[in-house]
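Me: Please take a close look at one part of this structure. I would like its setting described, with the cut-offs behind each term.

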Amino acid sequence: MGKVPQMADRNDELRIPSPPFRVGDWLVEPAQDTIRCGESVRHLEPKVMDALVALARRAGEVLSKAELTDAVWQVPFISENRLVGVIAELRRAFDDDVHAPRYVETVPTRGYRLAPPVEWMGGEPAPEPGQESDFLIETADRTYRLREGANIIGREAEVDVCIASEWVSRRHASLEVDGDHAVLEDLGSKNGTFVNGARLSGPVRLHDGDEIRLGRGVVVLRFSSALVATRTESGGASKAP
């Protein structure tokens, strides 16, 4: 089987890694974008692998099209046809039958489901979206503990990290957390998002101690996973909400 056609451009440095896992008869190696069954080795394009990993993290559950689109592209307004194309390529890689699927099931009006159980190699399942992470964001008046998955930063009250400033858009930026990786992306804000003084033009992977600035420098955020260990050792501070 040839390589799956490229569905869209992606910066591999921003991809969040996943450990290998087994699903059905196949060994999946996300770092190599390959699946293996006996002597058969098949190569997947990055977005096809990302879709498989997203489904594997919630194997047996239905992922809505919106959830799967967010996991694969991490941007809004992706054509549904592109997602359908990725799922079709994934089925082709598994020699799966859309009418009698053994791997990827379509659940009408709801989304998609990975049917077989998943065995994560090393016994370490991928973090589930919504779980508390080891990352904190500190603002001038509050500390927020981020969760696995997307954390929205903005001015409106319903977001995950609320910044009450006229220079901050209602939904200003998204910070995607997966284990010990975090990727920040501006959501089309009016005044921009900056990391260590540089304005974002696309998604950027963050590192411990990076400074995030929203708008015209009115709000400065400090991103640091090390805060968790530091505060525990000092016996200080209460948990962030």
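Reply: A residue is called buried when its relative accessible area is under 20%, exposed when over 50%, and partly exposed in between, using a 1.4 Å probe and protein chains only. The model is predicted, so local features need pLDDT of at least 70 and side-chain atom pairs count only at pLDDT 80 or more, while totals for chains, interfaces and linings use all residues. Residues are numbered from 1 along each chain as its sequence is written, and side-chain values use heavy atoms, leaving out hydrogens and water.

Ser18 has a relative accessible area of 10%, so it is buried. Ser18 belongs to the segment before β1 (21–23); helices (H or I, at least four residues) and strands (E, at least two) are DSSP runs, numbered from the N terminus. Beyond its neighbours within four places in sequence, Ser18 is in contact with Pro30, Val53, Arg57 and Trp120, where contact means heavy atoms within 4.5 Å.

Just after α3, Asp95 has a positive phi of about 55°.

Along α3, the buried residues are Leu83, Val86, Ile87, Glu89, Leu90, Arg91 and Ala93.

Helix α2 (residues 65–73) packs against α3 at an angle of about 80°, and the two axes are 11 Å apart. Axes are lines fitted to C-alpha atoms, for helices over the stretch in contact, and angles run from 0 to 180 degrees between N-to-C directions. Angles under 35 degrees count as roughly parallel, over 145 as roughly antiparallel, 65 to 115 as roughly perpendicular and the rest as oblique. α2 and α3 are therefore roughly perpendicular to each other. From α2, the contact is made by Lys65, Leu68, Thr69 and Trp73; from α3, by Glu80, Arg82, Leu83, Val86 and Ile87. Of these, Leu83, Val86 and Ile87 are also buried.
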